[in-house]
Amino acid sequence: MKKLIFLGDIHGDYNVIKQIAQEESDSYIVQVGDFGIGFRNETEEAARLDKLNESLIESNCILYAIRGNHDDPKYFDGSVCRTNIELLADYSCRNILGYNILFVGGAISIDRKYRQVRNMGWWENEKFTLLPHLLTELPKIDILVTHTAPTFCMPIGINDLVRQFAANDFNLISELQTERILVDRLFELLANNDSTPTNHFYGHFHMDSVDYIDDTKHTCLDINHTYTLSPKLF
């Protein structure tokens, strides 16, 4: 039976995907951002995608990925595809194994100043962007996939690591808080459209967590960790 596998941040380690595909053939893999593309030149990135695609073809697996804060957003405009790979534009919707899944990537990097100074790959348009007009004609959503999270999900508050980076990035904490409030607003808009998802998957925070809030199960996936769903029963 085909499976739907959600995968946390991989930071460019495509071997994680290859292993999952070998162990769980005939599956759909949804990677929740920090795919890790954009840190090499375009020729190298294309070759790596081609090799990954070959592995997915062998296992009859399809990969969908959204952008994280460790991804060059230019790869996620909907044009980067292979036969078995799709790097999804924000607000893409796909029906996979009976689930209507909405994908919205992006997040602020807490280390953005460090990466800017050292020219290590930081993109000004990496953050989550709320675009309400793209929600108006969607089908009823079963699953929402984001990279970052709303304020009411783990982690709650600001941890010591964020405060360390904020010492040299004075707007960081306020921008992080604003971003998560925007994700709150995304949930509100979906609810207003009678489209509250039953499941929400995200990564970004490098932790495993499950929260049941109102009618939604929120699952945060740690680096390289997975969560599997069976096909939707009608």
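Leucine 56 touches Ile17, Ala21, Ile29, Cys61, Leu63, Asn84 and Ile85, residues up to four places away in sequence being left out of the list, where contact means heavy atoms within 4.5 Å. The model is a predicted one, in which local features need pLDDT of at least 70 and side-chain atom pairs count only at pLDDT 80 or more, while totals for chains, interfaces and linings use all residues. Residues are numbered from 1 along each chain as its sequence is written, and side-chain values use heavy atoms, with hydrogens and water left out.

Leu56 is also one of the residues, together with Ile17, Ile29, Phe35 and Leu87, that touch the most other members of the largest nonpolar core, which has 22 residues. Such a core is a set of buried Ala, Val, Leu, Ile, Met, Phe, Trp, Tyr and Cys residues joined through side-chain atoms within 4.5 Å; buried means under 20% relative accessible area, exposed over 50%, and partly exposed in between, with a 1.4 Å probe and protein chains only. Two or more residues of this core come from each of strand S1 (4–7), helix H1 (14–23), H2, strand S3 (62–65) and strand S5 (85–87), and H1 gives the largest share, five residues. Helices (H or I, at least four residues) and strands (E, at least two) are DSSP runs, numbered from the N terminus. A second, separate core has 17 residues, among them Phe6, Ile96, Ile143 and Phe201.

Seven aromatic pairs are found in a search of the whole structure. Rings of Phe, Tyr and Trp (its six-membered ring) pair if their centres lie within 6.5 Å, planes under 30 degrees apart counting as stacked, over 60 as edge-to-face and the rest as tilted. Two of the pairs are set out below.

| Pair | Centre to centre | Angle between planes | Type |
|---|---|---|---|
| Phe39 and Trp123 | 5.3 Å | 75° | edge-to-face |
| Phe152 and Phe187 | 5.7 Å | 75° | edge-to-face |

Because phenylalanine 39 lies in the loop between strand S2 (28–31) and helix H2 (42–59), and tryptophan 123 in the loop between helix H3 (112–117) and strand S8 (143–146), their pair ties together parts that are 84 residues apart in sequence. Phe39 is partly exposed, at 38% relative accessible area, whereas Trp123 is buried, at 13%. The other pair links phenylalanine 152, in the loop between S8 and helix H4 (160–166), with phenylalanine 187 in helix H5 (residues 172–192), 35 residues apart; Phe152 is partly exposed at 34%, and Phe187 counts as buried at 10%.
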